[in-house]
Structure formats: structure tokens, C-alpha cells
Amino acid sequence: MATPETSVAPALKKTALNATHRALKAKMVDFGGWDMPVEYPGNGGGLIAEHMAVRTGVGLFDVSHMGEVQFRGPGALEAVQYITMNDASKLKDGQAHYSALLTPRGGFVDDILVHRLSENDYLLVVNAGTTDSDYAWIRSQVGMRHGIHVNNYSPYYSQLALQGPRALETLQKLTKVDLAPIKNYWFTWGTVAGIPNVLIARTGYSGEDGFEVYIPADEATSAKMWDALMDAGAGLGIRPCGLGARNTLRLEAGMSLYGHEISEEINVLEAGLDRWLKLDKGDFIGREALKSVQAAGGPKRKIIGLEMIDRGIGRDGYPVLDLEGREVGAITSGSPAPFLKTNIAMALVPAEVAASGSDLLVQVRTSQVRAKQVSLPFYKRQKK
């Protein structure tokens, strides 16, 4: 007698630091198919403590689930230019910028970072949950071009993010590389914690100063770097930080998240990310669609910032209403803001609602909570 087939969910992917997180009693969650720490409770820890450590001291994140795709060869720049919205021809060796892979309609395949390693060598850092689909998209668009090799090196990299006003002070203890002259969105290589050939990038996703270090993805090397960073920051208030704090930090800083403020259905102009959109650089995927949107008077919808006036938290997906109670949009991301000590959200609403600047209502379960429109970002760090 035949037995019915049962579908078995694929095993969660694990970073090289999975055992380290579990030893620290991290609360683990399924994040886009990865077994990742959302927070580290206990010993006065948890999401709020982690968030505050990054705003006031230093925090350490395992972001090894992020993907890395490398373009090499004399056709590398031309290919990067065609599949991304920013102008990579402006990058110098050792420089990075924010960009995106776009659909022909001007929506997002993914938002990415582009690093210029050398004249014919570019490293794209992509989001974890979209790494495989991003790589397939890239291969389908430019993979068959002459003079270029496109490779997915994601399994070979561990990436640790050290974020906060004391990040430089922490990392400097572990390397002879002079970190202070590295500007935001620039990178270099050096020996860190005795590990050679580490890519050291001054980027981040928290609204604070910080560095990412890229190292081989074996467990021994990854754990060695994690432990060295935690030891170096021991007197500076360092905390291990999970994806929960990463989300509240980026929201306070008004940074977009794929699947929330940006998606295939939300275009660059609606998302308010046009400062990184270079329509005059030449042909690229999505360019004509976005030029048409501009020619027609601009986007019909806009991402806005909201701060709750009444008590209540606007969570992802909650309806947004005008003051007459008509539904006009939805929350794309919302949570308490631990550092600002208020409740904030980003929402997608009609352009005329955004332009009015008027107060709005958020449907929080059975209550309608009043919110005021505020400019983004909610939080901006003080530059020294």
C-alpha cells in the first residue's frame, strides 16, 4: 500500500557562528531560510539593550548570511552599470556605494552595495533571503556577456558588522591598519586579530559609524574574529546584537528594507531613493520606466515617516487612514524606537497625502491611533 508523500521543509542554513550564538543562549529564528539570532536575552540583555549599545557604545552583529557576488574581467564595469541604478564608473579602487538591481518596470530585484576592488573587479553584497534569486537574475541578464566572469562567493565569506560610536576604537585594537582615515563607504585590506587579508569596510546598516570585516567562512576563523572583537570591546560596553536590534536601528535611521519599503511592486521614486538613481549614466535595466514616471509628473505613491501621537504601535501591514477614516495606505515598517523613546513607522501612501504633511490615523487592531508625518530619517547621528 502506497503511503502519501510528505513534504519536508529544507534544513535551515547556518552561518559559521551558529554554535557561538547558541552558546550565548541567543533566541534563534528562521530568517529567510537561515537560523539566525534575533536577540541575546539574559544578563541585562535583549533587543533594547543591544539597540542602545550600538547608539551609545558598540555592538557586534553576525551578518554572514548576506550574499557576495563578484564580477571580474574587462567587461565587469559595463555589466555592473547595466544591472544597477547607481553610477559605478564614479567609484575609485577601495570605494563602495549603495545601489540596486531593478526590474524593467523600475521596481527592486534587491538593494545592494557595490565595491570596486580594482578596475576590472567588483564585489556586490546582496540580501540574504534573495541571494539565490539575485544571482540567477544577474546570470540571466549579463552572465553570457564576453569579458566577464560572474561568481557567487557567498558560501566562502563570513561577514561581521561592528557598529556604534566606539566601533573604530574597538577594531583599532586588533589591527595595525590606521582605520581613522578610511572614509564612510570606503574599504581596505589588512591583518585583523592575526587573520590576514581581511576586507575592512566602513559601511553599515544602523545609522552609526561602523565597520564590516569579511573573512573566510570556516568556523575556526569566524569564531576567532568574533571572540577577538568581543574581547576588544569588553571595556567599551560591547554587546552581541541580533536581527531584532538591526531592524529597530535601521528603522530609526530611516533605512529601507527589502520586502517592506522596497520591493518589485515599489519603484525607486516611490521609495524616495532617487539620490542613488543616476538616469543620465546611460542605459540600464529600469531606466526607461523610471524616466516615464518622471515625465508623467512623478510617482503616485511615496514612503513617509510617521511618529505616533496617541498611544499605540503601528506594526508592519497595519492600515493607514486619513482623519475622515478613509484607508489611504499601509505601514511598511513600524516599531518602538528605543533610543528616541517614541513609536515610529514608515508607510506607503498616495503622493498627495505625503505632500500635504497632514496627520493620519493608523488602525491598530480595534483602535485608530493618531500619527504625525515627520521627515526621514527619524534619527541622524551627530558628526564629529
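The protein has 10 helices and 19 strands; helices (H or I, at least four residues) and strands (E, at least two) are DSSP runs, numbered from the N terminus. Because the model is predicted, local features need pLDDT of at least 70 and side-chain atom pairs count only at pLDDT 80 or more, whereas totals for chains, interfaces and linings use all residues. Residues are numbered from 1 along each chain as its sequence is written, and side-chain values use heavy atoms, with hydrogens and water left out.

**Overall form**

- A compact globule of 384 residues would have a radius of gyration near 21 Å, and the protein, at 21 Å, agrees with this. The radius is taken over C-alpha atoms, and the globule rule is 2.2 Å times the number of residues to the power 0.38.
- The C-alpha trace spans about 75 × 65 × 55 Å along its principal axes.
- Of the 384 residues, 55% count as buried, where buried means under 20% relative accessible area, exposed over 50%, and partly exposed in between (1.4 Å probe, protein chains only).
- Among contacts between residues at least 6 apart in sequence, 65% join residues at least 24 apart; contact means heavy atoms within 4.5 Å.

**Helices H2 and H7**

- The axes of H2 (residues 47–56) and H7 (residues 243–252) come within 8 Å and cross at roughly 50 degrees. Axes are lines fitted to C-alpha atoms, for helices over the stretch in contact, and angles run from 0 to 180 degrees between N-to-C directions.
- H2 and H7 are therefore oblique to each other, since angles under 35 degrees count as roughly parallel, over 145 as roughly antiparallel, 65 to 115 as roughly perpendicular and the rest as oblique.
- Leu-47, Glu-50, His-51, Val-54 and Arg-55 in H2 meet Gly-244, Ala-245, Thr-248, Leu-249 and Glu-252 in H7.
- This contact of H2 with H7 comprises 4 nonpolar, 3 polar and 3 charged residues. Ala, Val, Leu, Ile, Met, Phe, Trp, Tyr, Cys and Pro count as nonpolar, Asp, Glu, Lys and Arg as charged, and the others, Gly among them, as polar.

- Gly-254 follows H7 and has a positive phi, near 65 degrees.

**Helices H3 and H4**

- The axes of H3 (residues 76–83) and H4 (residues 131–142) come within 11 Å and cross at roughly 115 degrees; the two helices are therefore roughly perpendicular to each other.
- Ala-79, Tyr-82 and Ile-83 in H3 meet Ile-138, Gln-141 and Val-142 in H4.
- The residues of this contact of H3 with H4 are 5 nonpolar, 1 polar and no charged.
- The buried residues of H3 are Ala-76, Ala-79, Val-80, Gln-81 and Ile-83. They pack against H4 and the strands E4 (67–72), E5 (95–102), E6 (108–118) and E7 (121–126).

**Ile-83 in H3**

- Ile-83 lies in helix H3 and, at 1% relative accessibility, counts as buried.
- Not counting residues up to four places away in sequence, Ile-83 touches Phe-71, Ala-100, Leu-101, Leu-102, Leu-124, Ile-138, Gln-141, Val-142 and Ile-285.
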